[in-house]
Each structure stands twice: as C-alpha cells, then as structure tokens.
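Morning, everyone. Please have a look at the sequence and the model on the screen.

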Amino acid sequence: MTNVVEVKVGLHCDECIKKILKAIKKIEDIETYNVDKQLNKVIVTGNVTNEEVIGVLHKAGKNATVWENVQC
C-alpha cells in the first residue's frame with residue numbers, strides 16, 4: 001500500500017539535507033522522496049507510516065513532526 005508521508009523538519013543547511021536523505025534512504029519500501037528546503041518539508045511515498053519516517057529522522061538527530069495542512 002502506498003502512503004504519502006509529509007513531515008516538518010529543520011533544513012538549515014546542505015549538511016542537514018544530506019543527513020536527512022541518508023536516513024530516509026535506509027527506510028524499506030519507499031518509492032519516492034522529496035525535500036522542500038523553503039518549507040522545511042520532507043515528503044516520502046511508499047509503504048511507510050508517519051511514525052517510521054519521524055523515527056528514522058529522530059535517530060539521525062533531527063526533530064520532525066507531522067506536517068499540518070492549514071487552510072483558511
């Protein structure tokens with residue numbers, strides 16, 4: 001089953017992004033991933049859950065939370 005997981009995570013510099021990408025690539029069953037530096041947002045698609053993605057990023061030393069869509 002394919003899920004889309006969107007998380008908010010600090011993307012302060014290129015080293016942060018490298019660390020995040022390295023951690024995400026270790027997750028099994030991912031199909032795609034995207035990093036949006038402007039929004040501090042990481043999007044992962046595949047057979048993954050919010051908890052899996054956030055857990056991997058926490059292990060990499062990054063604070064990550066579920067992306068909240070705010071509509072006005």
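First, a definition. Buried means under 20% relative accessible area, exposed means over 50%, and partly exposed is in between, with a 1.4 Å probe and protein chains only. Two words on where this comes from. This is a predicted model, where local features need pLDDT of at least 70, side-chain atom pairs count only at pLDDT 80 or more, and totals for chains, interfaces and linings use all residues. Residues are numbered from 1 along each chain as its sequence is written, and side-chain values use heavy atoms, with hydrogens and water left out.

Helices (H or I, at least four residues) and strands (E, at least two) are DSSP runs, numbered from the N terminus.

Now helix α1. Which residues of α1 are buried? They are Cys16, Ile17, Ile20, Ala23 and Ile24. Looking down the axis of α1, these buried residues fall within an arc of 130°, so they line one face of the helix. The arc is taken from the directions from the helix axis to the C-beta atoms. Why does that pattern work? An α-helix has 3.6 residues a turn, so residues three or four places apart point the same way.

What do the buried residues of α1 pack against? Their partners are β1 (3–9), β2 (30–36), β3 (41–46) and α2 (50–59). Contact here means heavy atoms within 4.5 Å. The face turned away from the buried side carries exposed residues: Asp14, Glu15, Lys18, Lys22 and Lys25.

Next, the charged pairs. Side chains of opposite charge can pair when their charged atoms come close. A salt bridge is a side-chain nitrogen of Lys or Arg within 4 Å of a carboxyl oxygen of Asp or Glu. How many does a search of the whole structure find? Three.

Take Glu6 and Lys41. Their side chains meet at 3.4 Å, N to O. Glu6 sits in strand β1 and Lys41 in strand β3, so the pair ties together parts 35 residues apart in sequence. Glu6 is partly exposed, at 23% relative accessibility. Lys41 is buried, at 11%.

Then Asp14 and Lys37, at 3.9 Å, N to O. This pair links distant parts of the chain: Asp14 is in helix α1, Lys37 is in the loop between β2 and β3, and they are 23 residues apart. Asp14 is exposed at 53%, while Lys37 is partly exposed at 42%.

Last, Lys18 and Glu15. Their closest N and O atoms are 3.6 Å apart. Both residues are exposed. They are three residues apart in helix α1, so about one helical turn separates them.
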